[in-house]
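Dear colleague,

Please find the structure below, handed over for your use. My notes on it follow directly after.

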Amino acid sequence: MTQNKIEDVMEVCLLAGKLMLENGAETYRVEDTITRLAKNYGMSAAQVFVTPTAIILSLFEKGRTMDYTKIVRIVDRSTDLHVVVLVNDLSRKVASESLSLETARKELKKIEKTPEAYSAWVQILAAILVSGCFALMFQGSWSDFMPAMVAGGAGYTVFLAVKRYISVRFFSELLAAFVIGLVAKVAITTGVGSQLDKIIIGAVMPLVPGVLITNAVRDLMAGHLVSGISLGAEAMLTAFAIGTGIAFVIVTL
């Protein structure tokens, strides 16, 4: 295998791993997918080290004493499991249908350009509905249903808007939680709602980092201590941002 071919294999493997990690895949799943792709394209061995912010890949080929190593930085991360599913499906096609490197690269580039599965308006509408339902689920009254929906929708709208201009996720979550607390406080003051805590709990649920917490626990159980602790710390920081925004409203108003 020529050096150019090995570099092509590395490009495909790293692009697949990058797409998965940027869209909420677990560390073990990213490592497994990269390893399978490398072996299916003729590599004798592949050593992969994945953290939430970087992928390090070394490929080894039979008959060669040197290895090929590259690192990819992960800057933006979100949750879009649809992209993870598409990359997983492509990995299975490579194994079962023997897709060429060029075809795999084109498919991955196409996946990379795939727009978000849900537009901002759909996400906001989902947050509105979820907030009201969670308020009822946590034993809130029907009078808390509408305030929770309004607070959840307003908070998530602020979250999406601020996230576009501020790369630090902490501040968008902090401001969103502040807006949620403010709307909930106004609802109670005007007599529209009856239970402040139920309105707030329901409204903040769309901001809760459920996928982060799940991935952190899963990685820790699988022995990926670095990524598990990192994801856990990120989830705790998100929880701290939400709590700070709510507490600021309750204490000052």
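Ser227 belongs to helix 10, which spans residues 225-252; helices here are DSSP runs of H or I with at least four residues, numbered from the N terminus. Please note that this is a predicted model, in which local features need pLDDT of at least 70 and side-chain atom pairs count only at pLDDT 80 or more, while totals for chains, interfaces and linings use all residues. Residues are numbered from 1 along each chain as its sequence is written, and side-chain values use heavy atoms, with hydrogens and water left out.

**Ser227 and its surroundings**

Ser227 counts as buried because its relative accessibility is 1%; buried means under 20% relative accessible area, exposed over 50%, and partly exposed in between, with a 1.4 Å probe and protein chains only. Its side chain makes a polar contact of 3.4 Å with the side chain of Asp219. The side chain of Ser227 also reaches the backbone oxygen of His224, at 3.3 Å. A polar contact is a pair of N or O atoms within 3.5 Å; within protein, one must be able to donate a hydrogen and the other to accept it, and residues adjacent in sequence count only if both atoms are side-chain atoms. Setting aside residues up to four places away in sequence, Ser227 touches Thr27, Val50, Pro52 and Asp219, where contact means heavy atoms within 4.5 Å.

**Aromatic pairs and a charge over a ring**

There are six aromatic pairs in the structure. One of them, Phe170 with Phe240, is stacked, at 6.2 Å centre to centre and 25° between the planes. Because Phe170 lies in helix 7 and Phe240 in helix 10, this pair ties together parts that are 70 residues apart in sequence. Phe240 counts as exposed, at 51% relative accessibility. Phe178 and Phe248 form a tilted pair, with 5.8 Å between centres and 50° between planes. This pair likewise links distant parts of the chain, Phe178 being in helix 7 and Phe248 in helix 10, 70 residues apart. Phe178 is partly exposed at 27% relative accessibility, and Phe248 is partly exposed at 48%. Rings of Phe, Tyr and Trp (its six-membered ring) pair if their centres lie within 6.5 Å; planes under 30 degrees apart count as stacked, over 60 as edge-to-face and the rest as tilted. Phe170, Phe171 and Phe240 together form one aromatic cluster.

Elsewhere, the charged end of Arg218 sits over the ring of Tyr28, 4.0 Å from its centre; the criterion is NZ of Lys or CZ of Arg within 6 Å of the ring centre and within 35 degrees of the ring normal.

**Helix 7**

Val179 is placed in helix 7, residues 169-189. Apart from neighbours within four places in sequence, Val179 is in contact with Ala154, Gly155 and Val158.

**A residue with positive phi**

Gln139 is found in the loop between helix 5 (120-137) and helix 6 (145-165). Its phi is near 70°, a positive value in a residue other than glycine. Most residues other than glycine have a negative phi. With a relative accessibility of 68%, Gln139 counts as exposed.

Yours sincerely

Terms used: Helices (H or I, at least four residues) and strands (E, at least two) are DSSP runs, numbered from the N terminus.
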